Amino acid sequence: MNWEIFFQALTSGILTGGLFALVAVGLTMILGVLKIINFAHGEFLMLGMYMTYWLCTLFNMDPYLTLIITIPAFFFFGVIIQRWLINPILDAPMEIQILLTLGLFIFLANLAQLLFGPHVRSIETAYTFKILTIGSVNFASTRLIMFIFAIIFTTALYIFLKKTDLGKAIRACSEESYGAMLVGINVKRVYMIAFGIGTACAAAAGSLAMPIYYVNPHIGATFVMTAFVVVVLGGMGNFMGALVGGFIIGLAESFGAVILSASLKQLVTFTIFVLILLLRPTGLFGTKRS
Amino acid sequence: MISSKELNVYYRQVHVLKDISFEIQKGEICSVVGANGAGKSTLINSLSRILPLKSGSISFNGEDISQYPPHRVVELGLIQVPEGRKLFPSLTVLENLELGAYQRRAKEKREDTLREVFSLFPILDKRRAQLAGTLSGGEQQMLALGRGLMSLPRLLMMDEPSLGLAPLIVKQMFNTIKQINVSGVTILLVEQNARKALAISDSGFVIENGKITISGKGSEIAENEHTRKAFLGL
Amino acid sequence: MKRYPLLKMSFTLSLVLIIGLCFIFTSSAFAAPKEVKVGLIYPVSGPLASVGKRCVNGHEYAVKLINEQGGIKSMGGAKIKLIVADSEGKPEIGMSETEKLITRENVAVVMGAWQSAVTFPTTQVAEKYKTPYIVPLAVADAITERGFKYTFRTGMTATINANLAFDIIKWLGEKTGKKAKTVAILNEDSLWGDSTAKTWEKNAGNYGLKVVGKFMYNKAATDLSPTITKMKSLKPDIVLQCAYTTDAILITKQMHEMDFNCMARIPSGGGYADPKFVKAAGKLGENLIVNMIFHPSAKGPGTKVQDTNADYQKSYEGEMDEYVTTAFDATWVLKDALERAASADRKKLRDAISKTNINTNNSPVLEAYDFKFNEKGQVPNPTGVAAQIQNGKMLAIHPDNVAVTKPVYPVPTWKDRGLR
């Protein structure tokens with residue numbers, strides 16, 4: 001491996017890692033607060049991509065401008081799903097909850113297929129042809145913008161969770177929902193907000209990815225498999241863990257592709273996954289829970 | 001202050017509370033005495049509106065709260081300091097206290113209350129930036145109580161506040177409870193340590209198998225032949 | 001002589017009965033014209049559904065024409081009835097669905113399955129049940145290398161298809177005087193990509209080409225820029241590719257991103273032959289040369305291709321691309337065999353298929369080669385079409401007898417095209 005390839009792999013890994021982090025942060029939030037494994041997370045990403053696709057195609061909107069629509073729209077979509085689908089089964093056994101999110105995953109994928117067809121779609125914007133070059137390293141401007149937005153969103157979310165009362169309430173619910181109830185936090189409402197935020201993160205990631213990738217009804221699984229690894233790597237429900245884990249996996253895939261083969265890069269990812277489960281099941285940032 | 005009428009509560013399939021009716025006057029300390037599993041914690045959780053009522057009603061300050069969700073009950077000033085504390089371990093001491101004043105009524109006076117809590121428990125002030133999970137048992141109990149006070153309680157329900165504490169700290173705890181009561185907060189106390197609890201109580205009642213068997217003034221209950229044998233170990 | 005009339009009466013009675021019975025049998029046969037059940041196995045749901053559905057369309061369209069023209073005449077006008085099973089793109093599901101088609105639906109013949117990885121095990125199922133299986137499009141060589149008696153492939157093998165890529169490179173060099181010397185191979189890692197890539201690696205030397213690098217990836221990849229960078233450092237003249245639609249789009253975008261240039265990228269059909277790719281890749285797809293099994297821009301004998309393609313588009317979305325056409329042609333091969341077998345019996349049908357001999361010039365089939373099978377069940381000399389995207393349109397450039405335009409070669413760099 002020469003330096004040119006090294007720096008390219010480093011750049012690609014970090015840029016892609018930003019996206020993984022954003023997807024994983026949303027997933028870990030839902031997992032941490034609601035203790036629910038949301039298998040439909042990738043489908044929210046996929047629907048976010050479609051929303052951006054259609055807004056760009058039909059109304060000629062700038063793909064990044066669509067964020068001001070996708071984020072609130074999917075926040076409310078998440079709130080509604082939580083309110084009507086997940087809240088009613090919160091006390092049900094875990095298998096039931098898993099079945100529900102799995103069902104939602106299959107439903108949304110098929111709904112997208114029904115509405116939009118199985119075709120691959122992609123958008124071409126003014127940004128598409130702007131490529132940035134630093135030394136020998138090339139990257140699309142869309143990739144950098146995606147990265148910057150992903151970092152802005154995760155940072156904003158981090159500050160929100162740390163500094164605001166609602167953010168603290170969300171953390172409180174994720175730690176000790178019973179205690180949260182006793183201090184007067186409307187736990188079900190917090191659940192709705194948390195699910196809404198998680199959904200909005202996935203959809204925002206979708207909007208940001210749209211100018212780079214393509215969308216079809218099955219794209220969600222591609223991203224969310226990686227996001228699950230990131231979440232486990234960082235410690236289930238751990239925000240910082242998801243953020244750092246996103247970059248670790250991004251770099252691991254990137255260097256895995258160079259050193260081994262692109263065909264084997266998922267092998268690298270899942271090797272990390274298995275090692276973490278064996279050596280540190282709580283994840284890098286996880287703490288033991290009594 | 002608070003009263004219940006023919007309360008029936010099930011936990012899972014078990015009929016835990018059977019026709020519970022009682023009343024606590026404003027400004028009192030009231031002790032609930034009973035064996036493990038008699039239904040004391042269930043009673044407190046029913047009053048906090050965490051457990052659904054099968055039948056009966058609860059009224060607080062003249063308001064029927066039978067159908068209220070838990071957070072509205074907190075807003076009214078009916079506060080529980082739970083058994084096992086239920087703190088937020090990876091949040092700081094300060095954040096735990098701040099969350100105590102989450103409801104609007106308490107939030108408005110948050111800074112003032114915080115000062116009062118810190119003067120009551122200076123150790124919490126010293127540990128304000130520390131994570132709650134790293135505190136000692138006694139400090140955690142203080143934090144739990146402090147968090148409860150942050151909610152500006154009108155009625156404070158304490159579930160086993162002395163559980164697992166060293167004798168010296170238990171003594172401090174009871175002093176603090178009296179102090180809180182003197183400042184105008186009505187208190188409902190559930191204690192294993194029934195003798196100490198009844199000693200500071202104005203009234204009390206005994207729950208056996210989900211039913212109130214004896215009720216009256218604190219001193220009356222402490223002297224009752226049956227209670228002495230069954231719960232006070234005399 | 002009293003007994004004679006009795007004998008005569010019983011004889012007459014028997015005769016009447018026999019004729020009556022015959023009449024009942026034949027009349028019932030005429031009353032409800034026979035149906036020939038044909039099973040299709042394709043990925044009609046899941047990520048590959050876009051292609052799977054077009055394959056099904058090709059079969060459906062041919063069946064529609066056959067039935068409108070009076071069905072199978074030797075079977076009293078029996079109509080072909082298609083039963084579509086969904087492989088979901090997964091070998092194990094393909095196998096169980098094929099088994100269902102054969103045992104529950106009792107189909108006379110199975111056709112499918114586009115993906116080599118699914119075709120491979122499903123033909124095995126058909127072989128087990130001695131049911132003819134016609135493969136219109138699935139290129140892994142091994143499919144017809146196992147000595148199966150019931151598997152027939154009307155289209156390319158990977159080897160033939162791979163060598164066509166070299167023919168194109170050679171032809172481009174001769175036509176423009178600019179000879180390519182080195183190739184890099186970039187392929188997805190399923191059976192199709194892998195087997196094609198291995199053939200390229202093995203045969204490049206025979207065409208005077210040097211393989212400087214071989215890269216494999218999984219089609220679910222989200223970022224291939226490290227791979228492309230690595231390939232860029234090897235400076236190949238030509239990149240030979242196997243990709244499905246989604247990865248084709250990703251690679252095209254990222255080759256632009258990494259400023260990867262070469263004389264030409266010559267992918268083998270797959271995703272690059274998908275009209276959705278042309279649309280999705282937009283300007284970035286311009287001047288790509290695709291080695292295809294068929295393309296409707298190709299000139300055929302008379303106006304057969306254009307007419308059929310136009311008629312097809314009255315009922316279906318999109319053109320008769322290689323997926324539609326290979327399925328369409330295979331269905332006509334089946335029709336021809338059914339006519340000769342005059343039966344839906346699996347054994348008789350197999351024998352009839354093996355004796356197929358269709359001349360493309362006087363048959364509805366669209367591909368420009370004759371259909372007959374060697375002892376392996378393989379059409380020996382299928383030809384393809386190389387098409388280039390010019391001004392956003394795929395146009396046939398090779399071989400000369402089907403070409404409609406001249407090639408743009410070497411392909412201009414991204415910079416020269418004003419895209420960087």
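User: How much of chain C counts as buried?
Analyst: Of the 420 residues in chain C, 55% count as buried. Keep in mind that this is a predicted model.

User: OK. How many helices and strands are in chain C?
Analyst: Chain C has twelve helices and 14 strands. Along its principal axes, the C-alpha trace of chain C spans about 110 × 45 × 35 Å.

User: And what share of the contacts in chain C comes from residues 24 or more positions apart?
Analyst: Counting contacts with a separation of 6 or more, 69% are between residues 24 or more positions apart.

User: Which domains does chain C have?
Analyst: The domain assignment gives domain 1 (35–156 + 301–372) and domain 2 (159–292 + 384–398). Taken over C-alpha atoms, 28 Å separate the centres of domain 1 and domain 2 of chain C.

User: How many residues does each domain put into the contact?
Analyst: Domain 1 of chain C gives 14 residues, and domain 2 of chain C gives 16 residues. On the domain 1 side, the elements giving two or more residues are H2 and helix H4 (116–128) of chain C. H4(C) gives the most there, with three residues. By class, that side of domain 1 has six nonpolar, four polar and four charged residues.

User: Let's stay with H2 of chain C. Is H2(C) enclosed or open?
Analyst: Largely enclosed by the rest of the structure, because 16 of the 20 residues of H2(C) are buried.

User: What span should H2(C) have?
Analyst: At 1.5 Å a residue, its 20 residues should span 28 Å. The end C-alpha atoms of H2(C) are 28 Å apart, so the two agree. Just after H2(C), C:Gly70 takes a positive phi of about 100°.

User: Now the neighbours. How many residues are in the contact of chain C with chain A?
Analyst: That contact takes 35 residues from chain C and 33 residues from chain A.

User: Which elements of chain C supply at least two residues there?
Analyst: They are helix H2 (49–68), strand S7 (210–217), helix H7 (225–232), helix H8 (245–257) and helix H9 (275–281) of chain C. H8(C) gives the most, with six residues. The side of chain C that touches chain A divides into 14 nonpolar, eleven polar and ten charged residues.

User: What about chain A and chain B, how many residues there?
Analyst: 16 residues of chain A are in contact with 23 residues of chain B. On the chain A side, helix H6 (165–175) and helix H7 (177–182) each supply at least two residues. The largest share, six residues, comes from H6(A). That side of chain A has seven nonpolar, four polar and five charged residues.

User: Changing topic: how many residues are in the largest nonpolar core?
Analyst: It has 304 residues, and those with the most contacts inside it are A:Val23, A:Ala194 and A:Ala205. This core draws at least three residues from each of domain 1 and domain 2 of chain C.

User: What does A:Ala194 touch?
Analyst: Leaving out residues up to four places away in sequence, A:Ala194 touches A:Met29, A:Ile30, A:Val33, A:Leu34 and A:Ile170.

User: Back to chain C, then. How do strands S13 and S14 pair?
Analyst: Strand S13 (residues 385–390) and strand S14 (residues 393–398) of chain C pair in the antiparallel sense over five bridges. C:Gln390 has C:Lys393 in S14(C) as its bridge partner. The hairpin has two residues between the strands, and C:Asn391 takes a positive phi near 50° in it.

User: Last one: where is C:Gly147, and is C:Gly147 buried or exposed?
Analyst: C:Gly147 sits in the loop between strand S4 (133–135) and strand S5 (151–153) of chain C. C:Gly147 counts as exposed because it has 10 C-beta neighbours inside 10 Å, and the cut-off for exposed is 12 or fewer. C:Gly147 and C:Glu375 are 228 residues apart in sequence and 8.6 Å apart in space, C-alpha to C-alpha.

Methods
Residues are numbered from 1 along each chain as its sequence is written. Chains are lettered from A and ligands numbered from 1 in the order in which they are written. This is a predicted model: local features need pLDDT of at least 70, side-chain atom pairs count only at pLDDT 80 or more; totals for chains, interfaces and linings use all residues. A nonpolar core is a set of buried Ala, Val, Leu, Ile, Met, Phe, Trp, Tyr and Cys residues joined through C-beta atoms within 7 Å. Domain bounds come from an automatic or database domain assignment. Two residues are in contact if their C-beta atoms, placed from the backbone, lie within 7 Å. Helices (H or I, at least four residues) and strands (E, at least two) are DSSP runs, numbered from the N terminus. Ala, Val, Leu, Ile, Met, Phe, Trp, Tyr, Cys and Pro count as nonpolar, Asp, Glu, Lys and Arg as charged, and the others, Gly among them, as polar. Two strands pair if DSSP finds at least two bridges between them. The expected span of a helix is 1.5 Å times one less than its number of residues.
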